[in-house]
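Welcome! Here is a short tour of the structure shown below, written for someone meeting it for the very first time.

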Amino acid sequence: MVKGTSRRVVVVDSPDQRFFEQAIFIVRSDAANEGVTARELVEEARRVARNYAGGTHGRFSRLWRDASPAAYTMLGAAVIGLLWLTVALV
């Protein structure tokens, strides 16, 4: 609950509205004192929203994120198996 406080916000619409309609950024109170324009605030909010949406992640991180739990299980079992084999043979 907020009482007696007004805050400045920047609202950015989502390019893919499958899950989210908007992103709301609360502007720091000292941003106006630093000479930041409204246009700069909106551009920064868009940049941050784009980064969180996964637009700048590499191919490997997308592949890792989209892999099924069975793939994680198989990979973990393979790593543990190799470690056990290495310790058993030494």
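Buried residues make up 8% of the 90 residues in this protein chain, where buried means under 20% relative accessible area, exposed over 50%, and partly exposed in between (1.4 Å probe, protein chains only). The model is predicted, so local features need pLDDT of at least 70, side-chain atom pairs count only at pLDDT 80 or more, and totals for chains, interfaces and linings use all residues. Residues are numbered from 1 along each chain as its sequence is written, and side-chain values use heavy atoms, with hydrogens and water left out.

**Overall layout**

- The protein chain has three helices and two strands; helices (H or I, at least four residues) and strands (E, at least two) are DSSP runs, numbered from the N terminus.
- Starting at the N terminus, the order of elements is β-β-α-α-α.
- The accessible surface of the chain comes to about 8,300 Å², with 61% of it belonging to carbon and sulfur atoms; such areas come from the Shrake-Rupley method with a 1.4 Å probe, and for residues only the protein chains shown count as cover.
- Among contacts (heavy atoms within 4.5 Å) between residues at least 6 apart in sequence, 17% join residues at least 24 apart.

**Confidence**

- The average pLDDT of the protein chain is 80, and 80% of the residues score at least 70; pLDDT is the predictor's confidence in each residue, from 0 to 100.
- Among the elements, helix 2 (residues 59–66) has the lowest mean pLDDT, 68, while helix 3 (residues 69–89) has the highest, 92.

- How many salt bridges does the structure hold? There are two, each being a side-chain nitrogen of Lys or Arg within 4 Å of a carboxyl oxygen of Asp or Glu.
- Side chains of opposite charge can pair when their charged atoms come close.

- On a 1 Å grid over the protein atoms alone, a pocket is an open set of points where a 1.4 Å probe fits, with protein on both sides within 12 Å along at least five of seven lines; lining residues have an atom within 4 Å of a point.
- Of the 13 lining residues, V27, R28, A31, L41 and E44 lie nearest the centre of the second largest pocket.
- Helix 1 gives the largest share of the lining, five residues, and strand 2 (22–26) also supplies at least two.

**A look at V9**

- V9 lies in strand 1 (residues 9–13) and is partly exposed, with a relative accessible area of 44%.
- Leaving aside neighbours within four places in sequence, V9 is in contact with I24, F25, I26 and V27.
- V9 and L41 are 32 residues apart along the chain, and their C-alpha atoms are separated by 9.5 Å.
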